[in-house]
Amino acid sequence: MAITLAEAKVGMADKVDQQVIDTFRRSSLLLDMMTFDNCISPGTGGSTLTYGYVQLKTPSTAGVREINAEYTPNEAKREEKTTKAIIMGGAFQIDRVIQATSGAVDELSFQAEQKIKATANEFHYYAINGTSASSGAGFAAKTFDGLRKLLSGTSNEFATTIDLSTAAALDSNYGAFLDELDALVHAVDGTPSVLLMNGDMLLKVRACARRAGYYERTKDDFGRIVERYGGIPMMDMGEYYNGSASVDAVATSAPTSSALGTSSIFAVTLGLDAFHGVSPTGTGVINSYMPDLKAPGAVKKGEVELVAGVALKNTMKAAVLNGIGIKPKTA
């Protein structure tokens, strides 16, 4: 069985839970578009949220043969893999007096919305940088394998030296960059569902697309502006606050006197045969626990929780272009 957040909302009777789902969808185009395979059953022990699947790594090929000759055998290559759902979210506390005197800005709603945004950004960060390993430089360890790791070493991991760091570089190189972006899109089996990048990279793609006349923008059902390249939505994956600093979900390297600051674009097809979410059985991918304001207790506690992971069933359903220069060299 598979479920989207929009479908999960339908199965909820509580209007607060429905509002929480909608806030998650508004906060994240990726979560809104993603399908979740909600078949994880931890069992009686409740100790694991592991999801097993078979990943297609190399597709089968066809060929020609002559009379009285045999085909050269070639098999599709698959690999058994596992991923897991992890529990993301957090709690917040408000004094009942603050809530009662919050005025036009409802404090409970404000804190819940901010916690939802933080949780969505956390999911974005892991979807790109997660690793199930216990360590890894630049990765979020002990989570689930994100796109950086899933595409590392595959035929759909590409590199470039294109420079888009200044207006002059954009004027000179936008055509060559769009050729490389088209090649990235073409490398994905089927049309990608979304292009994932950081905000600085989105500015560069927008500038290139405008110069070439390929830029589009539309509004979705939430009134949210969705920018598109060649009809494909582009998403700024945002920043994840790790408790001390905000870091881009899709990183940009620090520029030096000899090197540009570079970043990446991920092209992803969403679906159960491609890149999708995993979650426990039922509709509990997102849960909220809001306080009863009429119950005793001066300090009220609320919680928001997302239980999810990601899987890439076919490595040809996603691709990444690394090394795009978007920050000029330092003096």
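Just after helix 8, glycine 213 adopts a positive phi of about 80 degrees, a handy landmark from which to begin a tour of this predicted model. Helix 8 itself covers residues 199-212. At 1.5 Å a residue, its 14 residues should span 20 Å, and because the C-alpha atoms at its ends are 20 Å apart, expectation and model agree. At the start of this helix, asparagine 198 places a side-chain oxygen within 3.2 Å of the backbone nitrogen of aspartate 200. Several residues along helix 8 are buried, namely Met201, Leu202, Lys204, Val205, Arg206, Ala207, Cys208 and Ala209.

Helix 2, made up of residues 15-27, can be read in a similar way. Its 13 residues should span 18 Å at 1.5 Å a residue, which agrees with the 18 Å between its end C-alpha atoms. Here the buried residues are Gln18, Val20, Ile21, Asp22, Thr23, Phe24 and Arg25. Their cover includes three other helices, helix 1 (5-10), helix 3 (29-33) and helix 5 (107-129). Strand 15 (286-289) and strand 16 (299-312) also belong to what covers them.

A search of the whole structure gives 7 aromatic pairs. Through ring pairs, Phe123, Tyr125, Tyr126, Phe144 and Tyr240 are linked into a cluster. Rings also meet charged side chains: the charged end of arginine 148 sits over the ring of phenylalanine 139, at 4.1 Å from its centre. Arginine 65, in turn, lies over the face of tyrosine 71, 5.5 Å from the ring centre.

Technical notes. Residues are numbered from 1 along each chain as its sequence is written. This is a predicted model: local features need pLDDT of at least 70, side-chain atom pairs count only at pLDDT 80 or more; totals for chains, interfaces and linings use all residues. Side-chain values use heavy atoms; hydrogens and water are left out. Rings of Phe, Tyr and Trp (its six-membered ring) pair if their centres lie within 6.5 Å; planes under 30 degrees apart count as stacked, over 60 as edge-to-face and the rest as tilted. A charge sits over a ring if NZ of Lys or CZ of Arg is within 6 Å of the ring centre and within 35 degrees of the ring normal. Helices (H or I, at least four residues) and strands (E, at least two) are DSSP runs, numbered from the N terminus. The expected span of a helix is 1.5 Å times one less than its number of residues. Buried means under 20% relative accessible area, exposed over 50%, partly exposed in between (1.4 Å probe, protein chains only). Contact means heavy atoms within 4.5 Å. A polar contact is a pair of N or O atoms within 3.5 Å; within protein, one must be able to donate a hydrogen and the other to accept it, and residues adjacent in sequence count only if both atoms are side-chain atoms.
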